[in-house]
Amino acid sequence: MPTTFDLVVRGGVVVTASDVFKADIGIAGGKVAALGTDLEGNRVVDADGLLVLPGGVDTHVHIEQPSSGPAQMCDTFETGTASAAAGGTTTVICFATQMRGGSLKAAVEDYRVAARRARVDYTFHLTISDPTDVVLRDELPTLIDSGCRSVKVFMTYDGIGLDDAQLIRTLAAARKAGALVCVHAEHHALIAYLSERLVAAGLTAPKYHAWAKPTVVEREAISRIVAIAEVLDVPIQIFHVSGPEPAEEIARAQARGMKVWGETCPQYLTITAEDLDRPGFEGAKFMFGPAPRGTAEAEGLWRAIKTGTIGVISSDHAPTRFDDPRGKKVAGENGPFTKVPNGIPGLAARLPLIFHEGVTKGNIELSKFVDLIATRPAKLYGLFPKKGTIAVGSDADLVLFNPRAYQTLTNAGQHHGGDYTPYEGREVTGKVIATYLRGTCVFENDTVVGAIGGGSFVPRAPYAEIEPRGVFPIPFDPVTSTVLEDKPKLAAE
Ligand code: URP
Ligand code: ZN
Ligand code: ZN
């Protein structure tokens, strides 16, 4: 261990998912080399009065994602990861997306080239929109082995959503190759029917987005994907849980011992269906799927967070511009809600919003905050302990955070490629003062200083968390075609 470190972060209060303690952090070779007192460094950063958090790990981020329609997401790797750095996030998991009829392998290759411009570290989910034999049998195992150890499936959206038979084959292939499956769970046909009826009745304003996507469509889809995961013994993560009712489906699966986990996002804790009814077309700024609910649902989500049913808070950063014919106005100034692209920006706002709503308002303790935004995501996605904590040997991804600073969120402060933030004017306590990626400053003085290309791909090796349980409802493993005669572990036992 060097006695003089490359960098020492001195005198801050270090927060991990289990401890809060005052310490200097000695950094050498981009890693945390020591935690102690009176450490000496070639450079010293004064963190007195500040919290030092592990860099945020945002496991649900849409960056530079191609689209088959005219609407386009507006962040490139350059802008999206600038926003990450500004928000205290040093690792993002974004989506290499197969276009229907196309190759997943080619999508990953293209995405790897685009991602060379990232300013923070990254890894990929593999979004499958067309689970052909070639994709599932020939492409997927190699791509998972190359370190993209999670698969994303949609149960809704034209052009990308899978039907039940496709879901079953995709989940089976993912388990065989050793990946976690992440699910956007909503009942496609019901949403399509409700949307059609609403439009036919002339109800096309943004507020009807919530009418077309009531909680029941989410609850049903979660229960269906859990059933599939149960028969195939596949670990799954349910994305963007919008309230306690869908969370209850996850809790029930967990109570049966299943490896089913839940994620929510700041928008479900801060934005409600009333925001969709803002004057004019403003409501489009708050359109995302599943739809925003109400304050009672937000309270129910906090309960699910406290019990651990929901262990990850990600941003689901999915930005399209507002005043733009490739964005929310793709169908005109007042396009029907059915044509408005879903998704909002949120990468940079995640930490301040969750700190304010969670810690400042007394919903959670500091260590739980760190667990939700960094540690648990890193563990669930196979990034821990390289990412998600402050410990000797971990990457020196650090956030200097002032828990007492008031700030008003603005679009300029998001440092993204969008022209709005749904959080414009919102006042929060807690502010990112500086962000370090592997010991290099990427954000300070309200300015992104991380170099384009400074981020690296983080491959993910197999890890225990997502090993199948070997438990089935029948004495037969349908994925390996094995009759479990010897000692079947049945779910009913
Ligand atoms: O509304 C959303 N969430 N759009 C982004 C894509 C997705 O569903 O995650
Ligand atoms: Zn989704
Ligand atoms: Zn998403």
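## Basis of the description

In this predicted model, local features need pLDDT of at least 70 and side-chain atom pairs count only at pLDDT 80 or more, while totals for chains, interfaces and linings use all residues. Residues are numbered from 1 along each chain as its sequence is written, chains are lettered from A and ligands numbered from 1 in the order in which they are written, and side-chain values use heavy atoms, with hydrogens and water left out.

Donors are N, O and S atoms within 2.8 Å of the metal (3.2 Å for Na, K and Ca); water is not among the atoms, so sites may look incomplete.

Four donors count as tetrahedral if all angles lie between 85 and 135 degrees; four count as square planar and six as octahedral if opposite donors are over 155 degrees apart and all others between 65 and 115, and anything else is irregular.

## The zinc ion (ligand 2)

A distance of 3.7 Å separates the zinc ion (ligand 2) from the zinc ion (ligand 3). The protein donors of the zinc ion (ligand 2) are His184 through ND1 and His240 through NE2, lying 2.1 Å from the ion. This pair links distant parts of the chain, 56 residues apart: His184 belongs to strand 10 (residues 180-184), and His240 to the loop between strand 11 (236-238) and helix 8 (244-255). Helices (H or I, at least four residues) and strands (E, at least two) are DSSP runs, numbered from the N terminus.

His184 counts as buried because its relative accessibility is 2%, and His240 counts as buried because its relative accessibility is 2%. The site of the zinc ion (ligand 2) is irregular, with angles of 57 to 140° among its 4 donor atoms.

## Helices 11 and 12

The axes of helix 11 (residues 350-360) and helix 12 (residues 366-380) come within 10 Å and cross at roughly 145°. Axes are lines fitted to C-alpha atoms, for helices over the stretch in contact, and angles run from 0 to 180 degrees between N-to-C directions.

In the contact (heavy atoms within 4.5 Å), Arg350, Leu351, Ile354, Phe355 and Val359 of helix 11 meet Leu366, Phe369 and Ile373 of helix 12. The residues of this contact divide into 7 nonpolar, no polar and 1 charged. Ala, Val, Leu, Ile, Met, Phe, Trp, Tyr, Cys and Pro count as nonpolar, Asp, Glu, Lys and Arg as charged, and the others, Gly among them, as polar.

## Backbone features

Most residues other than glycine have a negative phi, and most peptide bonds are trans. A cis peptide bond joins Gly289 and Pro290, with omega about -10°; Pro290 is in the loop between helix 9 (266-270) and helix 10 (295-307). Another cis peptide bond joins Phe384 and Pro385, with omega about 0°, and Pro385 is in the loop between helix 12 and strand 14 (398-408).

Tyr157 has a positive phi, near 85°, and is found in the loop between strand 9 (150-154) and helix 4 (164-177). Tyr157 counts as partly exposed because its relative accessibility is 24%.

Key
Buried < 20%, exposed > 50% of the residue type's maximum accessible area, 1.4 Å probe, protein only.
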